[in-house]
Amino acid sequence: MARCPAHVALCSLALLLLLPAARSATFMMTNNCGYTVWPGLLSGAGTAPLSTTGFALAHGASATVDAPASWSGRMWARTLCATDAATGKFTCATGDCGSGSVQCNGAGAAPPATLAEFTLDGSGGLDFFDVSLVDGYNIPMLIVPQGAGGGGGNGSADSGKCMATGCLVDLNGACPADLRVMATSTSGAGGAVACRSACEAFGTPQYCCSGAYGNPNTCRPSTYSQFFKNACPRAYSYAYDDSTSTFTCATGISYAITFCPSTTSGKYSGENPQAAGVQPTNGSMVYLGGEQLATGAASVKAARASQLLLAALAAVALL
């Protein structure tokens, strides 16, 4: 028996409603640093670009960026940025994307920079995310899933990996001397503004997990990567740090990204501590297998950083 077009249309609409909808996500970025940062955003290959690739975020300000379903990419904060009065070129001391403007326009962060990495609606209908120090570190960062458990009903059924992650404290002062990036001023004074990875500092296959070291069996944690891991146990410290550093949530939720989330960030009122001539921690040094690591006061600071992160993440889990 023939069916009328209206009946067919209603059946088609009903089928569409039963299909799972592709969900977008919202990223809310908040700057708790005592100075302006300039977030940069880079979409992965084959992924639609976001509505912005860079902007200024003043101390205490927040901004939201919507991402389409199945988006992947990374975000970071640029610091100590300025526009050259003569050339009009915009550059940053850390995290610079080389575009010459506030918008990064498809360019990524020059290391060292703390990275927030996302793959939305990936394998098994899950979002994958992490905070990575593989390319080094410039400022503290925290990612907190918002509404976990509501996106599809399995937000808490993904092996318990839907939780906050990040690196909570300033590691620049405690950074090993041969990884430390210093800023200079017209007076000649300067402080540590970033901490390089061993790969960037030395460029060897052992540290870059390349060549003969290009697999998890041969590329192992170094004492340099352990410096980052001990301070920030949930952040990526080297290329094959997946098991303790990748987190997943059911797709369809949003994420809060906070720059300088630690309580110590608030002690700076309008002053950029990285540009204020803050001297690095004056700890003694020790050599282990040819690798120089900070000890003394610096190692105590890194250990304290780890304790603060674990305490903060525990508090987030109770919210």
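**Entry on the sheet.** I began with an open sheet of five strands, which run in the order β3-β1-β13-β8-β9 with mixed pairing. The edges are held by β3 (62–67) and β9 (165–167), and each has a single partner strand, so one side of each is left without a neighbour in the sheet. On average, neighbouring strands of this sheet are turned by 20° against each other, direction ignored. I noted that axes are lines fitted to C-alpha atoms, for helices over the stretch in contact, and that angles run from 0 to 180 degrees between N-to-C directions.

I also wrote down how strands are assigned: helices (H or I, at least four residues) and strands (E, at least two) are DSSP runs, numbered from the N terminus. Two strands count as paired if DSSP finds at least two bridges between them.

**Entry on the source.** I must remember that this is a predicted model, in which local features need pLDDT of at least 70 and side-chain atom pairs count only at pLDDT 80 or more, while totals for chains, interfaces and linings use all residues. Residues are numbered from 1 along each chain as its sequence is written, and side-chain values use heavy atoms, with hydrogens and water left out.

**Entry on one strand pair.** In which sense do β1 and β13 pair? I found that strand β1 (residues 25–31) and strand β13 (residues 254–259) pair in the parallel sense, over five bridges. Across from M28 I found A256, which belongs to β13.

**Entry on salt bridges.** A salt bridge here is a side-chain nitrogen of Lys or Arg within 4 Å of a carboxyl oxygen of Asp or Glu, and by this rule I have three of them. In general, side chains of opposite charge can pair when their charged atoms come close.

R74 forms a salt bridge with E117, and the closest N and O atoms are 2.7 Å apart. This pair links distant parts of the chain, since R74 is in strand β4 (residues 72–83) and E117 in strand β6 (residues 115–119), 43 residues apart. R74 also meets D135 in a salt bridge, at 3.7 Å from N to O. D135 lies in the loop between β7 (126–132) and β8 (141–146) and R74 in strand β4, so the pair ties together parts that are 61 residues apart in sequence.

R74 is partly exposed at 26%, E117 is buried at 19%, and D135 is partly exposed at 28%.

The side chains of K229 and D241 meet in a salt bridge of 2.9 Å, N to O. K229 sits in helix α4 (residues 223–231) and D241 in the loop between α4 and α5 (242–245), twelve residues apart. K229 is buried at 13% relative accessibility, and D241 is buried at 8%.

S237 is found in the loop between α4 and α5, and S237 is buried with a relative accessible area of 8%. The side chain of S237 makes a polar contact with the side chain of D241 at 2.8 Å; the rule asks for a pair of N or O atoms within 3.5 Å, and within protein one must be able to donate a hydrogen and the other to accept it, while residues adjacent in sequence count only if both atoms are side-chain atoms. Leaving aside neighbours within four places in sequence, S237 is in contact (heavy atoms within 4.5 Å) with V134, S225, F228 and K229.

**Entry on aromatic rings.** The structure holds twelve aromatic pairs. Rings of Phe, Tyr and Trp (its six-membered ring) pair if their centres lie within 6.5 Å, and planes under 30 degrees apart count as stacked, over 60 as edge-to-face and the rest as tilted. Y207 and Y224 form an edge-to-face pair, 5.8 Å centre to centre with 80° between the planes. One aromatic cluster is formed by F27, W71, F118, F129, F247 and Y255.

Conventions. Buried means under 20% relative accessible area, exposed over 50%, partly exposed in between (1.4 Å probe, protein chains only).
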